[in-house]
Amino acid sequence: MDFLSDHQPEMLPGRRQLPPTHGAVEAPHGTTIVAVSFPGGVVLAGDRRATMGNVIAQRDIEKVFPADEYSAVGIAGTAGLAVEMVKLFQLELEHFEKVEGAQLSLEGKANRLSTMIRSNLGMAMQGLAVVPLFAGFDVDRGKGRIFSYDVTGGRSEEHGYAATGSGSLFARGAMKKLFRRDLSESDATTLVVQALYDAADDDSATGGPDVARRIYPIVTVITEDGFRRLDDEESAEIARLILERRLEQPDGPRAALL
Amino acid sequence: MSTPFYVSPQQAMADRAEYARKGIARGRSLVVLQYADGIVFVGENPSRALHKFSEIYDRIGFAAAGKYNEYENLRIGGVRYADMRGYTYDRADVTARGLANVYAQTLGTIFSSAAEKPYEVELVVAEVGETSDGDQIYRLPHDGSIVDEHGSVAVGGNAEQISTYLDQRHQDGMSLAEALKLAVQALSRDTNGTEREIPAERLEVAVLDRTRPQKRKFKRIVGRQLGRLLEADGASTEAESAEEE
């Protein structure tokens, strides 16, 4: 935010002096975040585990946040920095909306996030990277869109599905086999939980549905009507259906061979 | 070198107050009323782009009469103050009282500084509470004083006449449609006592609605919804309020 950088630069993430460090800094990390678009909107979901080295730091962390009425951001990387980045991002979108009397375009929001990631590059080089996934409903075009980023702030629009975080390779593989162009909203929410299950299956830093503690992935849907987070019952129900099927088929649904 | 004329401080202040009051009186009046579910802002505004009312924060709204560029400046300052407070501490730590104090300081400093001309604006800062007892409305005249208001308040051109009219007729617990009707009646009375019609397109209406599920309670009422509310009489008001998101 320009005003903040003029008046209180120390409040902005990218402006802090970094102390010299030896070796990697130990701080809680994420994650797997996945997003899938469907006709009429987009779904963004994330698991609940934060790890610090080989220790599980937190079982019920929340990594998917609404950015404003029509967009959401899911965070992977160093939790503390990522949460701060999201807070500042939310503030900026709201501030712009109030001052200008109109919302930023989805493209504009995505670009702004890109700049914020780039300003964190110094910390990223020391191992404290933040790599979010941004999804939103483009009111002008009338469809859901997904943007993925790299540590340098490079932005690319993803068509169909995308994933970020340590388990993203496995999640992307799962989504590749399950994705279709004509998904309904409930298909899309099931698909993201399937992908998160596969990521948790093969990545130790990603948590699967925790039935005993009733901790389920956070699933959010953004459509023309705005942002909506599935409540605990809804997301528990999806997880339960998937678990039941996986008792018979542990590797999940099979794709056709040809 | 010529010696400047001596002007007594009383005279200087009176002149500045006179100047500001005249500037404000040129603008159209607006009213802010409490109703059962919150606070409603109503004003006559031919422009769709230049708003008189605006959102400052979750529960706080802003209304201004007078010179547009001056109050727009103050509005943006207020949004910045609120957003910065909320970011540094917590969203709950942004209050209308704090904001009104900042505005009072700013207006007061400008009013009494010889280098600047006084701002020709009169502001209202309102915060909607959990119940109507928690609602706060502050009126900030051009000189930097703060007046704590209850029920109804009018600022701008013939504010005195309008507020007398409102004071006599405003009741606690009015529905939105009733409050809106009363506000429009009050605004459409001219200084010479005659009434004129204000068409819906020329009205700017916004509410701070405590029943809104979102954190941000400010909402503009435009188009069809405004038309419906203006037409609604006592019987259908219940249905109206239920219909709003």
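**The open sheet of chain B**

Mentor: In this predicted model, chain B has an open sheet of 5 strands, ordered β3-β4-β5-β6-β7, with antiparallel pairing. Its edge strands are β3 (53–57) and β7 (147–149) of chain B, each of which pairs on one side only. From one strand to the next, the twist averages 25°.

Strand β6 (residues 136–140) of chain B is joined to β7(B) by 3 bridges, and the two pair in the antiparallel sense. Opposite B:Glu149 in β7(B) stands B:Ile137. A helix also belongs to this picture: α2 (residues 68–88) of chain B packs on the sheet and touches β3, β4 (60–66) and β5 (121–127) of chain B. The direction of that helix makes about 165° with the direction of β4(B).

Now step back to the chain that holds this sheet. Chain B has 7 helices and 10 strands in its secondary structure. Its radius of gyration is 19 Å, close to the 18 Å that the globule rule gives for 245 residues, so chain B is as compact as a globular protein of that length. Taken along the principal axes, the box filled by the C-alpha atoms of chain B is roughly 75 × 50 × 30 Å. Of the 245 residues in chain B, 41% are buried. Among the contacts in chain B with a separation of 6 or more, 64% are between residues 24 or more positions apart.

Chain B also touches chain A. The contact takes 7 residues from chain A and 7 residues from chain B. On the side of chain A that touches chain B, helix α2 (residues 79–100) of chain A gives the most, with 5 residues. By class, that side of chain A has 3 nonpolar, 2 polar and 2 charged residues.

In chain A, 5 strands in the order β5-β6-β7-β8-β9 form an open sheet, and the pairing is antiparallel. The edge strands here are β5 (64–68) and β9 (155–158) of chain A, each pairing on one side only. The twist from one strand to the next averages 25°. Strand β8 (residues 143–149) of chain A pairs with β9(A) over 4 bridges in the antiparallel sense. The bridge partner of A:Tyr149 in β9(A) is A:Arg155.

α2(A) touches β5 and β6 (71–74) of chain A, and its direction makes about 20° with that of β5(A). Helix α3 (residues 106–118) of chain A touches β5, β6, β7 (133–138), β8 and β9 of chain A, and its direction makes about 165° with that of β7(A).

Strand β1 (residues 32–38) of chain A runs antiparallel to β2(A), joined by 6 bridges, and A:Ala35 stands opposite A:Leu44 in β2(A). The hairpin of β1(A) and β2(A) has 2 residues between the strands, and in it A:Gly40 takes a positive phi near 105°. Strand β11 (residues 218–223) of chain A also pairs with β2(A), over 6 bridges and in the antiparallel sense. In β11(A), A:Ile222 is the bridge partner of A:Val42.

Last come a helix and a loop of chain A. Helix α6 (residues 185–202) of chain A has 18 residues, which at 1.5 Å a residue should span 26 Å; its end C-alpha atoms are 27 Å apart, which agrees. α6(A) is mostly covered, with 13 of its 18 residues buried. In the loop between α5 (168–178) and α6 of chain A lies A:Arg181. A:Arg181 has 9 other C-beta atoms within 10 Å and is exposed.

Notes:
Residues numbered from 1 in each chain as written. Chains lettered and ligands numbered in written order. Predicted model: local features only at pLDDT ≥ 70, side-chain atom pairs only at ≥ 80, totals over all residues. Rg over C-alpha atoms; globule rule 2.2 N^0.38 Å. Buried ≥ 20, exposed ≤ 12 C-beta atoms within 10 Å, placed from the backbone. Contact = placed C-beta atoms within 7 Å. Nonpolar A, V, L, I, M, F, W, Y, C, P; charged D, E, K, R; others polar. Pairing = 2+ DSSP bridges. Expected span 1.5 Å × (residues − 1). Axes fitted to C-alpha atoms, helices over the stretch in contact; angles between N-to-C directions.
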